[in-house]
Amino acid sequence: AASTTQINLNWTDNSNNEAGFTIQRSTSADFTANVTSTNVGANTTTFQTGNVPRNTLFYFRVQAFNAAGTSAWSNVISVLTP
């Protein structure tokens, strides 16, 4: 069986009217392959992935949302699992 690990993601909440945040994870920098989206509640600033494969490069971005729509995506970060 393949070994797995978790990734902890932290961000700054610069919004004062969000209903929540969408976190996207992908194995491609342009978010066209293996995209996973997860929503978390308002005022959340941390997210922990489930088990993910070791020795894999992941890309993450975060977006706020509310009833009026969505914000721009955050800067993309990359994480290589050990």
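This is a predicted model: local features need pLDDT of at least 70, side-chain atom pairs count only at pLDDT 80 or more; totals for chains, interfaces and linings use all residues.
**Entry 1: the core.** I began with the largest nonpolar core, which has twelve residues: Ile7, Leu9, Trp11, Phe21, Ile23, Val40, Phe47, Val52, Phe58, Phe60, Val62 and Ala64. Going through the strands, I noted that β3 and β7 (57-66) each supply at least two residues of this core, and that β7 gives the most, with four residues.

**Entry 2: the chain as a whole.** I then looked up the secondary structure, which comes to zero helices and nine strands, so that the pattern along the sequence, by the DSSP runs used here, reads β-β-β-β-β-β-β-β-β. The C-alpha trace spans about 45 × 20 × 15 Å along its principal axes. Of the 82 residues, 33% count as buried, and the accessible surface comes to about 5,000 Å², with 45% of that belonging to carbon and sulfur atoms. When I took the contacts between residues at least 6 apart in sequence, I found that 59% of them join residues at least 24 apart.

**Entry 3: glutamate 18.** Which charged residue is buried yet has no salt bridge? I found this to be glutamate 18, for which the nearest side chain of opposite charge, that of arginine 61, is 18 Å away; a salt bridge would need the charged atoms within 4 Å. Glutamate 18 lies in the loop between β2 (8-10) and β3 (20-26).

I next asked what polar partners surround the side chain of glutamate 18, and I recorded a polar contact with the side chain of serine 15 at 3.2 Å. The backbone nitrogen of asparagine 43 lies 2.8 Å from a polar atom of the glutamate 18 side chain. Setting aside neighbours within four places in sequence, I listed the contacts of glutamate 18 as Asp13, Ala42, Asn43, Ala64, Phe65 and Asn66. Among these contacts, Ala64 is also a member of the largest nonpolar core.

**Entry 4: two asparagines with positive phi.** I checked asparagine 34, in the loop between β3 and β4 (36-41), and found its phi near 50 degrees, a positive value in a residue other than glycine. Asparagine 55, in the loop between β6 (52-53) and β7, has a phi near 55 degrees, again positive in a residue other than glycine.

Are these asparagines buried or exposed? Asparagine 34 is exposed, with a relative accessible area of 59%, and asparagine 55 is exposed as well, at 64%.

Methods:
Residues are numbered from 1 along each chain as its sequence is written. Side-chain values use heavy atoms; hydrogens and water are left out. Buried means under 20% relative accessible area, exposed over 50%, partly exposed in between (1.4 Å probe, protein chains only). Lys and Arg count as positive and Asp and Glu as negative; His and the chain ends are not counted. A polar contact is a pair of N or O atoms within 3.5 Å; within protein, one must be able to donate a hydrogen and the other to accept it, and residues adjacent in sequence count only if both atoms are side-chain atoms. Contact means heavy atoms within 4.5 Å. Accessible areas come from the Shrake-Rupley method with a 1.4 Å probe; for residues, only the protein chains shown count as cover. A nonpolar core is a set of buried Ala, Val, Leu, Ile, Met, Phe, Trp, Tyr and Cys residues joined through side-chain atoms within 4.5 Å.
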